[in-house]
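Please look at the sequence and the structure shown below. The briefing that follows is arranged by topic.

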Amino acid sequence: MSANKTSRIGEETRVDKVNAELVTLTYGTIVAQLCQDYDSDYQEVNKQLDKMGYNIGMRLIEDFLAKSGVGRCANFKETADMIAKVGFKIFLNVTPTVTNWASDNNQFSLIFEDNPLADFVELPDDGRAQDELWFSNILCGVLRGSLEMVQMQIEAHFVSDVLRGDETTEMRVSLVRYIEDEMPPEEE
Amino acid sequence: MVVYSFYIFDRHGKNPIFIAITQLTVSSGMHLQTPLATAPGLHLRSTDDDSKLVFGTVFSLRNMVRKLGGDDDRALLSFVSFTTSQYKLHYYETPTNTKFVMLTDLKSPSMRIALQQIYINLFVEYVVKNPLSPTEHTGGVGVNNELFEQSLEQFVL
């Protein structure tokens, strides 16, 4: 599927919109609450966000397929394009750039110019949050959950975040393996 | 047109997550009931065995279709239905490996679009998006969602 066609699907897929600030504030509240619940143990907060995202992703993928009507991607490159230009476009109305492909085509980076989850956000100034908290870590989980449902096991993590003072917000996604179909149980 | 039975299998496929069996003609209304009635022309042993057979059949058939059609994943789209002298089996599979199977009489037109609509408008809306329904329907509990069942009933009418 050509890159153009992919972005057209992203443009044309109609979804109900909600107020962006509602999303930002709701998400911000969740993260803040997690930080409180785990006593600013940011590793744990990252983990919980990822887990929440995973559960969201497993459902979101069905909605994605139903709305966009796309079929299976032929290779991981196509998958990356589909995530950036259709997935992020219809759900968050942003289009991260896909770049930095590893030579074996199994790893790429998503660069977010605009991240609606992180609007208005400033990380707490306790000297650790800047180094430990990945504020938008839920997105990693969402990708992991949704791709698992379409038979791809992946690993995703943020490598930089403008909230931490980095130049860009970058997520690294790597394909671990394609999941084989589960065989039906043996006849007893 | 007569719908004999309808199954949904999730990606694990072990147990159907939804079964509806009917023997009424569509014009006179379809009555969904979980494992009981026997469809005319279909010799049912027990629903449990039956759904295993159905799953085994579509699973093998789909694999065969894929093998013969080359590993291009568009081949996923190619197995649509098969017909025997007594019934027609319609099949639709989503990229997430949820399988929709419907058995109807011979006269029915292709139900592919209908199955797709069931997925998009009913299954995703009522089952997947229901925050309280589990993501994995394991242990043979099935979907068990009234809203879904009702609208399915209406849709098939």
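Which residues does A:Phe108 touch, not counting residues up to four places away in sequence? They are A:Ala80, A:Val98, A:Thr99, A:Asn100, A:Trp101 and A:Val173, where a contact requires two C-beta atoms, placed from the backbone, to lie within 7 Å. This is a predicted model, in which local features need pLDDT of at least 70 and side-chain atom pairs count only at pLDDT 80 or more, while totals for chains, interfaces and linings use all residues. Residues are numbered from 1 along each chain as its sequence is written, and chains are lettered from A and ligands numbered from 1 in the order in which they are written.

**Confidence**

- The model scores ipTM 0.79 and pTM 0.83.
- The mean pLDDT of chain B is 73, and 68% of its residues reach 70 or more; pLDDT is the predictor's confidence in each residue, from 0 to 100.
- Within chain B, confidence is lowest in strand S2 (residues 16–21), with a mean of 70, and highest in strand S4 (residues 88–93), at 90.
- Residues 24–45 of chain B have a pLDDT below 50, and this stretch has 45 contacts in the model beyond near neighbours in sequence.
- Where pLDDT is low, the predicted coordinates should not be read in detail.

**Overall make-up of chain B**

- Chain B has 3 helices and 5 strands; helices (H or I, at least four residues) and strands (E, at least two) are DSSP runs, numbered from the N terminus.
- Along the sequence of chain B, these elements follow the pattern β-β-α-β-β-β-α-α.
- Of the 157 residues of chain B, 31% count as buried; a residue is buried if 20 or more other C-beta atoms lie within 10 Å of its own, exposed if 12 or fewer, and partly exposed in between, with C-beta atoms placed from the backbone.
- Among contacts in chain B between residues at least 6 apart in sequence, 46% join residues at least 24 apart.

**Helix packing**

- Helix H2 (residues 112–128) and helix H3 (residues 146–156) of chain B pack at an angle of about 160°, with their axes 9 Å apart; axes are lines fitted to C-alpha atoms, for helices over the stretch in contact, and angles run from 0 to 180 degrees between N-to-C directions.
- H2(B) and H3(B) are therefore roughly antiparallel to each other; angles over 145 degrees receive this description, those under 35 count as roughly parallel, those from 65 to 115 as roughly perpendicular, and the rest as oblique.
- The crossing of H2(B) and H3(B) is right-handed; in such a crossing the near helix is turned clockwise from the far one by less than a right angle, and in a left-handed one anticlockwise.
- Residues of H2(B) in this contact are B:Ile118, B:Leu122, B:Tyr126 and B:Val127, and those of H3(B) are B:Leu147, B:Phe148, B:Ser151, B:Leu152 and B:Phe155.
- H2(B) also packs with helix H3 (residues 42–68) of chain A, at an angle of about 160° and with the axes 10 Å apart.
- H3(A) and H2(B) are therefore roughly antiparallel, and their crossing is left-handed.
- From H3(A), A:Arg59, A:Glu62, A:Asp63 and A:Ala66 meet B:Tyr119, B:Ile120, B:Val124 and B:Val128 of H2(B).

**Helix H4 of chain A**

- Helix H4 (residues 76–92) of chain A has a kink of about 35° centred on A:Ile83; the bend at a residue is the angle between axes fitted to the seven residues ending there and the seven starting there.
- H4(A) is mostly covered, with 12 of its 17 residues buried, including A:Ala80 and A:Ile83.

**Individual residues of chain A**

- A:Phe108 lies in strand S2 and is buried, with 22 other C-beta atoms within 10 Å.
- A:Leu65 is found in helix H3 and is buried, with 22 other C-beta atoms within 10 Å.
- Leaving aside neighbours within four places in sequence, A:Leu65 is in contact with B:Thr94, B:Pro95 and B:Thr96.
- Most residues other than glycine have a negative phi.
- A:Asn105, in the loop between strand S1 (97–99) and strand S2 (107–112), has a positive phi near 60°.
- A:Asn105 is exposed, with 12 other C-beta atoms within 10 Å.
- A:Phe120 has a positive phi of about 60° and is exposed, with 8 other C-beta atoms within 10 Å.
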